[in-house]
Amino acid sequence: MKKYTVLFLTLTLMCTAACAFAEATRQDVTGFVEDCDYKNAYAGFGFHLGDWQIASETDIASVYEKSEDYFTEDFSKAMEERDSLCFFMAIADEGKESVMSVITNEGAASGLYHALGFRTMYRMEAAKLKKNLESYGITVVSMEFGSIIVDGCEMPCMRIEESLDGVRMCVIEVSWMKGQYRIDIGASSADFDSAEAIIARFFWL
């Protein structure tokens with residue numbers, strides 16, 4: 001179950017192509033843990049960990065089948081070599097629930113996201129996302145677009161019910177722009193009520 005939970009969320013958040021990254025330090029992007037909370041001033045959010053287990057840099061590299069130099073001190077060079085970068089991952093309930101965040105540099109396309117907003121962009125990207133997920137053997141049962149409250153702020157979101165080898169998973173993705181950077185946070189669980197409870201653990205910095 002742990003393998004499937006992380007796989008669902010990983011593929012959902014990573015199935016969008018992007019441009020190269022600008023300079024940033026490793027600490028800027030990966031964030032830190034303080035008082036049982038994960039915090040990331042660069043991305044502008046935190047996550048109440050509680051009994052959740054945060055993945056190490058080595059764990060994240062392993063999920064993406066990368067070598068241990070996936071995170072390096074020369075982080076700007078590492079980001080230049082990748083379209084998107086997962087910088088936060090945590091799991092709970094013996095791997096039955098997971099959360100992660102991905103950063104993407106949208107480059108020249110960033111103006112489109114700012115102008116149209118994610119409620120529109122989600123719909124424009126839906127067919128491509130569905131095709132990408134299906135290429136990994138995932139069946140997209142449903143895909144809905146709406147909004148969700150994150151720490152008192154109404155945010156556009158996408159709810160996707162997926163199935164792989166008979167395992168059902170519900171993913172909620174929330175996205176926003178920081179300049180030319182797209183930040184995606186995602187929660188994965190067996191049902192949408194549980195996924196919403198995971199999203200409720202996020203807070204703004």
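## Strands 1 and 2

Strand 1 and strand 2 (residues 37–40) are paired in the antiparallel sense over 3 bridges. Strands here are DSSP runs of E with at least two residues, helices are runs of H or I with at least four residues, and both are numbered from the N terminus. Two strands count as paired if DSSP finds at least two bridges between them. Valine 33 stands opposite tyrosine 38 in strand 2.

This is a predicted model, in which local features need pLDDT of at least 70 and side-chain atom pairs count only at pLDDT 80 or more, while totals for chains, interfaces and linings use all residues. Residues are numbered from 1 along each chain as its sequence is written, and side-chain values use heavy atoms, with hydrogens and water left out.

An open sheet is formed by 4 strands in the order 1-2-3-11, with antiparallel pairing. Strand 1 (32–34) and strand 11 (202–204) are at the edges and have a single partner strand each, so one side of each is left without a neighbour in the sheet. From one strand to the next, the twist averages 30° (axes are lines fitted to C-alpha atoms, and angles run from 0 to 180 degrees between N-to-C directions).

## Nonpolar cores

A nonpolar core is a set of buried Ala, Val, Leu, Ile, Met, Phe, Trp, Tyr and Cys residues joined through side-chain atoms within 4.5 Å. Buried means under 20% relative accessible area, with a 1.4 Å probe and protein chains only. The largest core has 31 residues, of which Phe45, Phe47, Phe88, Val174 and Phe202 touch the most other members. Elements giving two or more residues to this core include strand 3 (45–48), strand 5 (84–92) and helix 7. Strand 5 provides the largest share, 5 residues. A second, separate core of 14 residues includes Met121, Tyr122, Leu129 and Leu164.

Contact means heavy atoms within 4.5 Å. Leaving aside neighbours within four places in sequence, phenylalanine 88 is in contact with residues including Tyr38, Phe45, Phe47 and Phe202.

## Helix 7

Helix 7 spans residues 192–199, and Phe192, Ala195, Ile198 and Ile199 are buried in it. Seen down the helix axis, these buried residues fall within an arc of 110°, so they line one face of helix 7. The arc is that of the directions from the helix axis to the C-beta atoms.

## Valine 140

Valine 140 is in strand 7. Its relative accessibility is 11%, so valine 140 counts as buried. Leaving aside neighbours within four places in sequence, valine 140 is in contact with Lys130, Leu133, Ile160 and Glu161.

Note on methods: Buried means under 20% relative accessible area, exposed over 50%, partly exposed in between (1.4 Å probe, protein chains only).
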